[in-house]
Amino acid sequence: MTFSPEQLLQQLRQYPQPPAYWVAYSGGLDSHVLLHALASLRGRLDAGIGAVHVNHGLQADAPHWEAHCRRVCEGLGIRHESLQVAAAAAPGESPEAAARAARYAALADWLPARHCLLTAQHQNDQAETLLLQLLRGSGVHGLAAMPAMTVLGAGLHQRPLLGVTRAQLRHYAESHRLDWIEDPSNTDTAFDRNYLRQQVMPLLQARWPAVAASLSRSALHCAEAADLVGQLGEQDCHNVAGQHHGALSLAGICALPRARQRNVLRHWIRQATGTVPSTAVLARIVNDVLASRRDSGPCVRWGGHEVRRYRDELYLLGQTLVPERRPQLEWNMAAPLPLPAAGGTLRVTPATGRGIRATAGGAAGVRVAWRQGGERCRPAGRGHRHALKKLFQEQGIPPWERDRIPLIYIDDTLAAVAGLWVCDPFQAGPAEPGLLVDWERDGDSA
């Protein structure tokens with residue numbers, strides 16, 4: 001069986017047609033075949049066609065490759081765009097992973113809304129990806145390898161050649177006398193994928209000729225399993241939701257079998273961060289946090305995130321600056337005050353008989369500060385002043401959140417705890433104009 005534009009058309013028609021298709025065109029054989037086949041379909045597609053080239057700047061010949069891509073597109077009468085990225089790997093980072101991350105980040109930022117990016121990964125690429133994920137000890141989401149369709153930025157990303165072999169693409173290229181670029185780095189077996197492609201896959205194929213098709217089929221099975229696992233995680237996440245926004249009930253999680261505990265935690269973290277913790281981090285959450293005493297304050301940190309327990313709920317947090325490093329700020333209360341170091345924004349709403357007296361709030365000397373310990377407040381309606389620590393405990397606010405809640409001082413006196421209490425004597429009278437100070441955390445309005 002040979003590859004033909006008709007096969008490509010059948011794959012494209014599996015999804016709603018976008019305003020335009022853009023081929024991620026490197027100048028190599030695979031993307032050149034995809035571009036050529038797509039160009040031959042332009043009379044049968046009610047969509048624009050273009051190509052986008054990403055220059056990583058990692059090879060001395062990169063400018064020549066970019067010029068080659070532009071010439072090919074001009075010859076086909078196809079619009080061409082070029083993107084420049086900085087793809088140098090950080091210390092300890094895989095060069096392949098760094099280049100891939102930089103490339104897709106640039107493409108996601110550039111891709112017009114609702115347009116579709118086409119990439120030329122094929123069946124052999126899919127088989128290699130599955131093997132790499134197996135060697136990394138990935139779960140079903142990793143073993144699902146590369147999806148045929150996914151969201152990318154404001155548009156879509158489709159891989160229409162996953163059912164086509166590398167040999168079929170080469171036959172097409174040679175039959176149509178295409179002129180493509182051979183990247184010399186593709187022969188460097190220091191890269192894991194190249195080692196698999198050149199050293200491992202030929203051995204497997206000699207014993208099992210259909211190995212690429214079989215592994216690709218396994219990836220499809222894993223994709224279905226990953227979808228089911230995701231649905232179960234979403235259902236369990238809903239069933240064990242805590243009383244506080246984004247929190248999970250400890251009792252609810254512990255009532256699940258151990259495998260579903262890990263699954264719901266993975267789903268919860270993935271939904272919030274877009275990443276999945278390692279097996280070791282997940283084990284620490286299960287063993288150190290779920291199994292901790294009710295009065296303890298366990299915390300597991302990794303990659304800018306942390307999971308904590310307070311009373312009977314689990315919280316997922318982003319690590320923020322400690323209070324000592326957050327500056328105190330002057331505030332005229334006339335406009336919202338973003339406080340990114342604390343993860344939120346202060347907003348003021350006019351009211352009558354509630355909030356800070358408007359005359360007090362409009363006075364000079366309004367300052368936003370942070371809890372240091374020892375602060376006291378007499379909330380409106382109470383007969384005595386109380387330590388903020390006691391008030392926070394009554395409200396069920398976790399200890400780590402207490403230091404992130406802005407305190408409003410007027411003339412160096414604590415006037416309000418944003419979103420919670422106004423302290424006497426700053427409370428507006430029954431018919432007096434007031435200002436409600438709300439503390440809107442990032443993501444609360446989403």
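Predicted model: local features only at pLDDT ≥ 70, side-chain atom pairs only at ≥ 80, totals over all residues.
The secondary structure of the protein chain consists of 15 helices and 21 strands. The C-alpha trace extends over about 90 × 50 × 40 Å along its principal axes. The radius of gyration is 29 Å, whereas a value near 22 Å would apply to a compact globule of 446 residues. Of the contacts in the protein chain with a separation of 6 or more, 68% are accounted for by residues 24 or more positions apart.

Of the 446 residues, 46% are buried. The protein chain exposes about 22800 Å², of which 51% is supplied by carbon and sulfur atoms.

At the level of individual residues, His 80 belongs to strand 3, which comprises residues 79-84. The relative accessible area of His 80 is 11%, and this residue is therefore classed as buried, the cut-off being under 20%. When residues up to four places away in sequence are not counted, His 80 touches Ala 51, His 53, Glu 66, Cys 69, Arg 70 and Cys 73. With Arg 70, a polar contact is also formed: the side chains of His 80 and Arg 70 are paired in this way at 3.5 Å.

Conventions
Residues numbered from 1 in each chain as written. Heavy atoms only, no water. Helix = DSSP H or I, 4+ residues; strand = E, 2+ residues; numbered from the N terminus. Rg over C-alpha atoms; globule rule 2.2 N^0.38 Å. Buried < 20%, exposed > 50% of the residue type's maximum accessible area, 1.4 Å probe, protein only. Contact = heavy atoms within 4.5 Å. Areas by Shrake-Rupley, 256 points an atom, 1.4 Å probe, with all protein chains shown as cover. Polar contact = N/O pair within 3.5 Å; in protein donor to acceptor, adjacent residues only side chain to side chain.
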